[in-house]
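Here is a short briefing on strands and core packing. Please look over the sequence and the model before reading on.

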Amino acid sequence: EDQAGVVDWYRANIGTVLHADFQTVGQRRLLFASTDASIVAALDAATNETAWRHVLPAGERVVSQALHARAAQLLVGSITADGGLMARLWSLEGDLLWDSFFPAPPPSALIHKPSAAFAGDSTDVVALCGARVHMLRGRSGELLWSWEHAPASPADGSIATWHEAALSADQRTLALHGVAAGARDDGGAPSQLARADLQVANGALIGAVKLAAADGGVDAGQRALLTLEPRFAVSLSKSGD
């Protein structure tokens with residue numbers, strides 16, 4: 001039965017598990033885990049033996065993990081000591097296939113929640129880092145395109161920080177959800193909900209970035225714009241805190 005409790009975490013000596021995925025590799029049922037000790041490991045669910053184990057560089061903290069069963073690959077995103085995003089792709093045998101670093105966004109009052117995920121059924125990778133979104137080729141880590149939300153004018157301070165993404169059922173559109181802080185006359189920065197749709201092929205923005213106040217002032221029309229429609233049925237398999 002696929003439950004985290006079947007593994008003796010103390011014996012594994014890998015720390016507290018933050019993300020876990022089960023997958024059969026060869027004749028073994030393995031649990032792939034990333035932990036609060038910045039360790040990525042594969043454990044035999046039947047024997048508790050460690051199949052492989054990697055310790056990330058000092059100061060890194062794991063924020064996302066995704067397993068692509070068909071490609072037999074494990075994607076782990078971690079935030080570095082300076083706030084940047086490091087995406088690493090491993091084979092399920094523990095070999096590092098590639099890694100890619102994205103610098104930290106400019107300082108902001110908004111919560112920074114970087115993450116990396118597979119783009120639906122594809123092996124390509126989506127990386128979210130502040131206002132920036134990056135698409136990478138899964139087999140090589142090559143950067144395919146980047147897109148960044150910028151104010152429409154110098155007077156508009158509403159820059160979104162992207163927290164979630166979803167792929168449309170036809171895999172042609174990437175929908176982004178996040179928050180934005182807009183400038184106010186009193187110097188404050190009210191929280192806003194943000195939504196953007198990008199073309200998967202080239203990262204081009206479809207329409208305009210949609211913003212709505214998040215302090216109880218979202219009306220039905222705004223909520224419809226900011227909510228994922230049924231056509232966005234393929235979620236990106238990522239998680240973060």
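The points below cover the basis of the model, its nonpolar core, an open sheet and a hairpin.

This is a predicted model, in which local features need pLDDT of at least 70, side-chain atom pairs count only at pLDDT 80 or more, and totals for chains, interfaces and linings use all residues. Residues are numbered from 1 along each chain as its sequence is written, and side-chain values use heavy atoms, with hydrogens and water left out.

**Nonpolar core**
- The largest nonpolar core has 18 residues.
- Such a core is a set of buried Ala, Val, Leu, Ile, Met, Phe, Trp, Tyr and Cys residues joined through side-chain atoms within 4.5 Å; buried means under 20% relative accessible area, with a 1.4 Å probe and protein chains only.
- Residues with the most contacts inside this core include Val126, Trp145, Trp162 and Leu176.
- At least two core residues come from each of β10 (125-129), β11 (132-136), β12 (143-148), β13 (159-167), β14 (173-181) and β15 (191-199); strands are DSSP runs (E, at least two residues), numbered from the N terminus.
- β13 gives the most, with 4 residues.

**Open sheet**
- Four strands form an open antiparallel sheet in the order β5-β6-β7-β8; strands pair if DSSP finds at least two bridges between them.
- β5 (61-68) and β8 (96-102) are the edge strands, each pairing on one side only.
- The twist averages 15° from one strand to the next, using axes fitted to C-alpha atoms and angles from 0 to 180 degrees between N-to-C directions.
- β5 pairs with β6 (residues 73-79) over 7 antiparallel bridges.
- Leu67 faces Leu74 of β6 across the pairing.

**Hairpin**
- β1 (residues 17-25) and β2 (residues 28-35) share 8 antiparallel bridges.
- Val25 stands opposite Arg28 in β2.
- The hairpin has 2 residues between its strands, and Gly26 takes a positive phi near 65°.

Key: Buried means under 20% relative accessible area, exposed over 50%, partly exposed in between (1.4 Å probe, protein chains only).
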